[in-house]
Every structure is written in structure tokens, then in C-alpha cells.
Amino acid sequence: MRMIEQDQENDDSTEVTWEDQQKINSFSKLNTRMKGFEAKVDAGKQEKEALDDLSTELELADEDEPVLYKIGETYVHMSLPRALKRLEKDQTDLDVRLTKLSESAQQCEADMKQLKVALYAKFGSAINLDE
Amino acid sequence: MASSSVLSEERGARGIPKAPFIEDVEKYLGGADAEIEGPLKAIQDAISKYRYMDSNLNQRRLSLEEKIPDIQKTLSMVEYLQERREGKTSQSEDDLEDDLEDEEPTSSSKPLKTTFELNDTLFAEAELEDTDTVYLWLGANVMLSYKLPAAIQLLRSKLEAAETNVASLTEDLEFLREQLTMMEVNMARVYNWDVRRRRERRIAEEKGGKSTSEKEGG
């Protein structure tokens, strides 16, 4: 914990009202949510990269060779066109999921910014909202 | 007269006690001369209880979140099998209309070849006969056979249940986090109030001390 100098301390000690407490609570809740979103978005981005690499590989693949496409935990042999179709579908599904996630994450961030402005305005250096 | 438990009797969703909000620190402590040791300790107890609950719920949520991808993988495999079967039956019904699969060799007429994991880093090839039944592992050394549509339904409902559980656990965790934050803020305020009070007392004593020494000296 941080100790502030005595002269920095608000002499009037701005009291924490119920609304302030609620704002602080929302901020903490949004912060936790944000961490969850960031983790999921990172995982999603990695998957997307893998699928993109896969599509580049498949473009160069031999037409007659069966493609071992991973479904679940096993690799299923399927023809190149089928594999391409399935890959496309997987990519679209992933994109939809990622867009939804990043939208929610952005909403979260915007709310957090608003709360930060309000809380810093009232408490100044008596409160710390950054990492 | 500090109560041994700071947490109110009110319970939030699923039995998480609600943290009290201190409107006025002085009133809460019971006067300008109240000791803060008791309430401070009670608040700290409450905080550690909350932290314990928090880690508990977090663990449960993590284990559920691990299960969900497994269910999804099983489901996608079973759906794939179903797709193949459907493709096959519709094929045999109308041999003339092949527009859906005109460019692809109808792999559904050939048996399904897979490469599966025998062990970490050890794979084997297997050919799957056409079948309408799958066996699902239900846990507790129990495995049941299901027809494909029934299997898909079961897996989907399992997936839904798991996702609902995760959602409700996350809700609980958020509620818990709010209560934890409130208690930490309470503790900070009580502590600050005490620091301020000590300082004020010290200043008052010094002033009082000075005036007496002046009297004696003058």
C-alpha cells in the first residue's frame, strides 16, 4: 500500500458516499471482466493465426493427397476441397466469435474510462485506479 | 460492542454475504474515542473469508472452463459423423442430382479414415465403418451407446449446462469481488480515520502542553 505525504492528504478527507462506493465496485467488476476478455481474445487470435497458416498451406497442397483435418482430438482424412470448405467454415465461426469478444471488451474499456474520470475527479491522488 | 462478524446477515445470490457500507466511520466505530483494533480485525477476517470464497469459486470455474472445450470437440466429431451419414443417405436416394458434390469425390461412400492418438506422440490409422451409433463416456467408468441424433442432443445439452454454470459462477465471482472491494475500502477508511484522529490528538496535546509550559515559564 502506498503512503501519501501529510500535506498531500486532503484535509477535508473527501468522504466516500454510497454512489462513490458503487462506482468503485463497478470499476473493480469491469476490471476483472476485462482481464477475462483479454485472455479470451488472445487465445482467439492465436487460433486465427493457426487457421490462416493452415489455409496458406492448403493452397500449396497436392490435389490428390488426402488432408488430415483435425476434428476434436483425431485427424480425419478428407479430400482437399472438403478440407478447404471446412476450414472456411471454421474461420468464419472464429471471426464471429472474435468480433463479439472485442466488442464487449471495447464496451468494458469505455465504461471503465468514464468511471476513472469521475473517481479521479472526486478523489484525486487518494485513489489509484491504474495497474 | 463490536460484533464479532462484520458481515451482515443479508445474503447475496447463492449465499454470499453482503458487505456493509459504512456511511460514517465515526458512527460505525461508536464515537470519537472508540478503539479501532476490534473492528479492524473483524474487517480483516471478513476480507480473508471473501478471498477464500473467491479462490474457491475461481477453481470451480476454471475446471468447468476446461471441460467445455472437450465437450465441444466431442460434439463437432459426432456432428461430422452425422453430416457424413446424411450426405450418404441423400446420395443413394438421388443418383442423378449430384450438384452438391459434383466436384468432390464422394468421400462418404468410402469408409472414414482417421489418424488418432494412441498415446502422446503416437498415432495410428483407423478406418471407421459406417455406423449410426456412437459411444459416449459419461464419467464414473460408465459408457453408453447412443444413436447419432440422440448423441448430438445429449452433447448439446451438456454443453449448454456447462456454459450456464460458468456464467452463473462468473456472476457470483463478480458479486463477491464487489463485496471484497467494499470491505477493503472500509478498512482503508477506518484506518485513515484512526491515523487522522491520532494526529489531531497529538496536535491538541502539543498545544495543551505548550500553553502549560508557557504558563509555568511566564
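How many residues does the contact take from chain B, and how many from chain A? In this predicted model, chain B contributes 27 residues and chain A contributes 28 residues, and the area buried between the two chains comes to about 2,900 Å², with carbon and sulfur atoms giving 53% of that figure. For the complex as a whole, the predictor reports an ipTM of 0.74 together with a pTM of 0.73.

Turning to confidence within chain B, the mean pLDDT is 81, and 81% of the residues score at least 70. Among the elements of chain B, confidence is lowest in helix 1, residues 25-29, with a mean of 80, and highest in strand 4, residues 142-147, with 93. Over residues 92-107 of chain B, however, the pLDDT falls below 50, and this stretch has nine contacts in the model beyond near neighbours in sequence.

At the interface itself, there are eight residue pairs in polar contact between chain B and chain A, and three salt bridges are found across it, including one in which the side chains of B:K73 and A:E73 meet at 2.7 Å, N to O. On the side of chain B that touches chain A, at least two residues each come from helix 2 (37-93), strand 1 (112-119), strand 2 (122-128) and helix 3 (148-217), and helix 3 of chain B gives the most, with nine residues. Sorted by class, that side holds 12 charged, nine nonpolar and six polar residues.

The two chains also meet through strand pairing, in which strand 1 of chain B and strand 2 of chain A (residues 74-78) run in the antiparallel sense over two bridges, with B:T114 in strand 1 of chain B standing opposite A:V76.

Definitions and conventions: Residues are numbered from 1 along each chain as its sequence is written. Chains are lettered from A and ligands numbered from 1 in the order in which they are written. Side-chain values use heavy atoms; hydrogens and water are left out. pLDDT is the predictor's confidence in each residue, from 0 to 100. Helices (H or I, at least four residues) and strands (E, at least two) are DSSP runs, numbered from the N terminus. Contact means heavy atoms within 4.5 Å. Buried area is the accessible area (1.4 Å probe) that two parts lose on being put together, summed over both. A salt bridge is a side-chain nitrogen of Lys or Arg within 4 Å of a carboxyl oxygen of Asp or Glu. A polar contact is a pair of N or O atoms within 3.5 Å; within protein, one must be able to donate a hydrogen and the other to accept it, and residues adjacent in sequence count only if both atoms are side-chain atoms. Ala, Val, Leu, Ile, Met, Phe, Trp, Tyr, Cys and Pro count as nonpolar, Asp, Glu, Lys and Arg as charged, and the others, Gly among them, as polar. Two strands pair if DSSP finds at least two bridges between them.
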